[in-house]
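Visitor: Please take one part of this model and go through it closely. I would like the pairing, the packing and the charged contacts treated together.

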Amino acid sequence: MGVVDFVSKPLAPLRRSVLEGLREGPASATELASRLGESRQRVNYHVRALERDGLVELHEERARRGCTERIVRATCHAVVVEPTVVGELRGEQDRFAADTLLAGGARLVRDVAAARTAATARGQRLLTFAIEAEVGFSRPADLERFADALADRVAELAAEFGPGERTYRVLIGGHPA
């Protein structure tokens, strides 16, 4: 079972619930329907769709009451949904616009997911890095000063390390905690 799958289209609420239900372990559509308070047919429809999308796979088949019951499991522990599935982003504005941060985040998710898949296919580990910190501001002007100083320092570091053979895209963003 993989750790994370990448989804570039919206998941229906019931599909999210099915995936969440499969976190507890493999189950049949009947078992999931009972837990979710839905009809077996409706849950089975969504299980099949998740299976087509590669998020769910057949775990085993059991003979039950003259029929074959399909037991499925999630193919991953987590699902990452591309941010653009929540709606259209208005493109790059200024660096303080929420859509600019969301567009950068969407690109980050899309690019890292594709690079990880390619690295896995080559039997390699994808080398990345992440930095996270919390910072507080008393006034909106402090946020702007911080962003300007951070941009200057990142530009200095980029110049110091030079072009190199392996290019990395660095995305730094902030949002209210």
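Guide: Strands β3 and β4, the latter covering residues 67-74, run antiparallel and are joined by eight bridges. Strands here are DSSP runs of E of at least two residues and helices are runs of H or I of at least four, numbered from the N terminus. This is a predicted model, in which local features need pLDDT of at least 70 and side-chain atom pairs count only at pLDDT 80 or more, while totals for chains, interfaces and linings use all residues. Residues are numbered from 1 along each chain as its sequence is written, and side-chain values use heavy atoms, with hydrogens and water left out.

Within this pairing, glutamate 60 stands opposite isoleucine 71 of β4. Helix α3 (residues 40-52) packs on the sheet and touches both β3 and β4; contact means heavy atoms within 4.5 Å. The direction of α3 makes about 135° with that of β3, where axes are lines fitted to C-alpha atoms, for helices over the stretch in contact, and angles between N-to-C directions run from 0 to 180 degrees.

The open sheet has three strands in the order β2-β4-β3, with antiparallel pairing; two strands pair if DSSP finds at least two bridges between them. Strands β2 (27-28) and β3 (56-64) are at the edges with a single partner strand each, so one side of each has no neighbour in the sheet. Serine 28 lies in β2 and, at 1% relative accessibility, counts as buried. Buried means under 20% relative accessible area, exposed over 50%, and partly exposed in between, with a 1.4 Å probe and protein chains only. Apart from neighbours within four places in sequence, serine 28 is in contact with Glu69, Arg70 and Ile71.

Now the charged contacts. Side chains of opposite charge can pair when their charged atoms come close. The structure holds 12 salt bridges, a salt bridge being a side-chain nitrogen of Lys or Arg within 4 Å of a carboxyl oxygen of Asp or Glu. One of them joins the side chains of arginine 62 and glutamate 31 (4.0 Å, N to O). Arginine 62 is in β3 and glutamate 31 in helix α2 (residues 29-36), so this pair ties together parts 31 residues apart in sequence. Arginine 62 is partly exposed at 35% relative accessibility, and glutamate 31 is partly exposed at 31%.

A salt bridge also joins the side chains of glutamate 57 and arginine 73, at 2.7 Å from N to O. This pair links distant parts of the chain, with glutamate 57 in β3 and arginine 73 in β4, 16 residues apart. Glutamate 57 counts as partly exposed at 28% relative accessibility, and arginine 73 is partly exposed with a relative accessible area of 28%.

Aspartate 111 lies in helix α4 (residues 98-121) and arginine 169 in the segment after α5, so the pair ties together parts 58 residues apart in sequence. Aspartate 111 is partly exposed at 35% relative accessibility, whereas arginine 169 is exposed at 60%. Salt bridges with shared partners also join Glu31, Glu60, Arg62, Arg64 and Glu69 into one network.
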